[in-house]
Amino acid sequence: MTTLAVAPTRRRRPPLVVEPQGPVVSNARLAAALIIAGESMLFAGLVGMYLVFRLSTETWPPPELPRLPVLVTALNSIVLFASVVPMHRALQAVRRGRLVVATRLAGLTGLLGLLFLAVQGFEWVRLVRHGLTLQKGQYGGAFYVLIGCHALHVLVAVLWVAAVTVLAERRRFSAERHDGFEMCTIFWYFVAALWAGLFPLVYLY
Amino acid sequence: MGRAVRQSLAAVLLASLLRAADAAAQGCAMCGTALGANGARTRAFQWSILFLMAVPYVLAGGFAGWLYLAARRRRAAARAAAGFATDYKESLS
């Protein structure tokens, strides 16, 4: 009589269903997205206004008004775009809990933002001296309102960066808790990205 | 929120939309008449209106895409963590 040896069957594990817990995005990120959406609509309205003035005029800028300083503003734009790098690295440092590095990088970002604002202000003073004022028709009005609104946002972003730099120095952030720092970084990305659209539209087109 | 309250709000919203329809159509017609046929100003307004129409869609699309990617990334991270835990248990047994 022969016996059949039956190999022991391995019990198969049921497929693992993994359901992640918690919200998809944090409340802080959602708030930052809503702020940016609102600000984007504000600038969309201003750009719409600028497009109406720009496209309905044959000669732009009007011949009697000074030309905009394209080269200086292009170099200044590089300063603003470059400031994104230390801000991004500062956020990475905060996520790793390296607050000393984050403080230095955020401080550098704030200084670059201040430099951008200082050069913009200097150029504005020169333009006003050459006769381009807010009252100089559609050109002056559209230029100062649109670029001024962006400069105001950069100023707010610089103040925000200064605040989070001080808070990071006082160790109010950690690797686990850094929502305020992240929101500030997102806003900084926004003002830089906005300038990437505004500079070609106003200075080059 | 109760069902009756929701229905009342929906009715008020619908009524206000229907009430506003006449005025909005009149505004568009007035704009078209005032700007003329094919002048530079008309084209400028057309481009501006197109731009302003596009922005909310771009924002909503970007927001939806961001949520979708965030959800995918979160699920992938959860699966990777669960897989790591299973491998770890198997290596112990």
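Student: How many residues of chain B are in contact with chain A?
Tutor: Happy to start there; keep in mind that this is a predicted model. On the chain A side, 16 residues take part, and the number for chain B is 21 residues.

Student: By class, what does the side of chain B that touches chain A have?
Tutor: Let's go through the classes. There are two polar residues and five charged ones on that side of chain B. The remaining class there is nonpolar, with 14 residues.

Student: Is Val55(B) buried or exposed, or partly exposed?
Tutor: Val55(B) sits in helix 2 (residues 40-92) of chain B. A buried residue needs 20 or more other C-beta atoms within 10 Å, and an exposed one has 12 or fewer. Val55(B) has 17 C-beta neighbours inside 10 Å, so it counts as partly exposed.

Student: Which residues is Val55(B) in contact with, leaving aside its neighbours within four places in sequence?
Tutor: Good one to check in the viewer. With those sequence neighbours left aside, the contacts of Val55(B) are Ser40(A), Met41(A) and Ala44(A).

Student: How far apart in space are Val55(B) and Glu90(B), C-alpha to C-alpha?
Tutor: In sequence, 35 residues separate Val55(B) from Glu90(B). In space, their C-alpha to C-alpha distance is 52 Å.

Student: Is helix 2 of chain A roughly parallel or roughly antiparallel to helix 4 of chain A?
Tutor: The axes of helix 2 (residues 70-82) and helix 4 (residues 99-129) of chain A come within 8 Å and cross at roughly 160 degrees. Angles over 145 degrees count as roughly antiparallel. Therefore helix 2 of chain A is, relative to helix 4 of chain A, roughly antiparallel.

How values were computed:
Residues are numbered from 1 along each chain as its sequence is written. Chains are lettered from A and ligands numbered from 1 in the order in which they are written. This is a predicted model: local features need pLDDT of at least 70, side-chain atom pairs count only at pLDDT 80 or more; totals for chains, interfaces and linings use all residues. Two residues are in contact if their C-beta atoms, placed from the backbone, lie within 7 Å. Ala, Val, Leu, Ile, Met, Phe, Trp, Tyr, Cys and Pro count as nonpolar, Asp, Glu, Lys and Arg as charged, and the others, Gly among them, as polar. Helices (H or I, at least four residues) and strands (E, at least two) are DSSP runs, numbered from the N terminus. Axes are lines fitted to C-alpha atoms, for helices over the stretch in contact, and angles run from 0 to 180 degrees between N-to-C directions. Angles under 35 degrees count as roughly parallel, over 145 as roughly antiparallel, 65 to 115 as roughly perpendicular and the rest as oblique.
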